[in-house]
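User: I should like to learn how to read a protein model. Please take me through its features one at a time.

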Amino acid sequence: KPAGYYDACAEVIRRRVTDTEGFESLSGMLILVGAAVTGMQVEYEAYYEEHPGAPMNVVDQAIVWIFCAECLLRIVAEGSKPWRYFAGPHCLPDLSSDLALANVVDAKSSATTANGALHVSPLIRKREVALLGERHRRAGRLGKAYLAVAMSRWDVQARWNCFDFSISFISLVSEVGDLGAGAAGGMISTLRLLRMLRLLSLMQRYEELKVIMEGFRQGMESFSYIAVLLFLVFYVYAILGYTIFAENDPAHFGTLGAAMLSLFRAATLSAWYELLYINWYGCDVYPAGAYAPAPGLGTPAYRASDHQLKMVRTGLGDFPEFVCYAPKGAPTVSLLYFLSFTILSAYVILSLLVGVVTIAMQIT
């Protein structure tokens, strides 16, 4: 039959070309080369637009056509069922034989195991195969079609194939659009930048990257609880900081929003000691480049109400002019406040996130 001939040819293509380690390595190398070429084109865009025959442009066009040929070759390698490149081998499976039923049950079990369930025992597997076969034999035409749809599974490889095909199509559109870009030049440049997404496909080409990303994905599923805990810590400390340091340090604790942003800076250990010293010594002794001394500060005629926060209007918008109008050092309170928050946020809670991701990687 023609279908058998196509499948035999497709099997030869898969075994000798698309499924070989050399083919995958060459594809990965071309992805890296294509990313480097795209980076050069973005940085020197004006030069490459004026010289369309430059070597970088030629290499870029060649890589685009090679990736399109790769997608076409992988589609041809599916034989008489080319849609399996996009849908996977377990989409609308054949349930007419015991071997096909066993494959469907195994595919379903592997998907369940990947989500953390226990492995299916041979006895349970045999019973599921028998039950599914009995349902298929008793069902009518519509029932069999429903079973095929219900047992379908869109596997990970098929999703990556759709992603690769989309990027290849976008790359081809950007190359064809370069021939008559004109007013659409900005859109073509944006499409060209989308080619960088092909770097993500490296994750499914190398097993080591697969393990790392799968562990990271499973770890991030538990991150929501850690994020809630981190937000509560930030919010409580922001209210305390606003209550204690607002007058002395309005630039960093004048509002709850500013306090939250300053605490994020402290959690990342980005010059957090400046926040500590401003509130330790006072904004007049240690302004840290954020304050100007209030006129008449320290004289009998000085009134703090005359030097409240003002807005300075510039061409980029209105910005606060922070004046040190009520300096007040609090060494003990500021030390306890910033040390406790920095240790709790930068070390304890973030270490929980690292631990969750590490455990997920070990399980994977």
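Predicted model: local features only at pLDDT ≥ 70, side-chain atom pairs only at ≥ 80, totals over all residues.

User: What is the mean pLDDT of the chain, and which elements have the lowest and the highest mean?

Analyst: pLDDT is the predictor's confidence in each residue, from 0 to 100. The chain has a mean of 74, and 68% of its residues reach 70 or more.

User: How many helices and strands does the chain have?

Analyst: Helices (H or I, at least four residues) and strands (E, at least two) are DSSP runs, numbered from the N terminus. Here the chain has 16 helices and four strands. Of the contacts with a separation of 6 or more, 69% are between residues 24 or more positions apart.

User: What should helix α12 span, and which of its residues are buried?

Analyst: The expected span of a helix is 1.5 Å times one less than its number of residues. Helix α12 (residues 223-245) has 23 residues and should therefore span 33 Å; its end C-alpha atoms lie 31 Å apart, which agrees. As for burial, buried means under 20% relative accessible area, exposed over 50%, and partly exposed in between, with a 1.4 Å probe and protein chains only. Of the 364 residues of the chain, 32% count as buried. In α12 the buried residues are I226, L230, V233, F234, Y237, A238, G241 and F245. These pack against α13 (250-253), α14 (256-267), α15 (272-281) and α16 (331-363).

User: Is F245 buried or exposed, and which residues does it touch?

Analyst: F245 is buried, with a relative accessible area of 2%. Not counting residues up to four places away in sequence, F245 touches P250, F253, N279, V333, S334, Y337 and F338. One of these, N279, is 34 residues from F245 along the chain, yet their C-alpha atoms are separated by 6.8 Å. L240 is also found in helix α12, but L240 is partly exposed, with a relative accessible area of 41%.

User: Where is T18, and what is it in contact with?

Analyst: T18 is in helix α1 (residues 2-18). T18 is buried, with a relative accessible area of 2%. Leaving aside neighbours within four places in sequence, T18 is in contact with I13, F23, E24, L73, R74 and A77.

User: What volume does the largest cavity have, and which residues are closest to its centre?

Analyst: Rolling a probe the size of a water molecule over the atoms shows where empty space is left. On a 1 Å grid over the protein atoms alone, a cavity is a set of points where a 1.4 Å probe fits but cannot get out, and lining residues have an atom within 4 Å of a point. Grid points are joined across faces, edges and corners, and a volume is the space filled by probe spheres set on the points. The largest cavity has a volume of about 130 Å³. Of its 13 lining residues, the closest to the centre are G34, T38, F67, R195 and R198. Helices α2 (21-43) and α4 (55-76) each supply at least two residues of the lining.

How values were computed
Residues numbered from 1 in each chain as written. Heavy atoms only, no water. Contact = heavy atoms within 4.5 Å. 1 Å grid on protein atoms, 1.4 Å probe; cavity = no way out; pocket = protein on both sides within 12 Å on 5 of 7 lines; lining within 4 Å.
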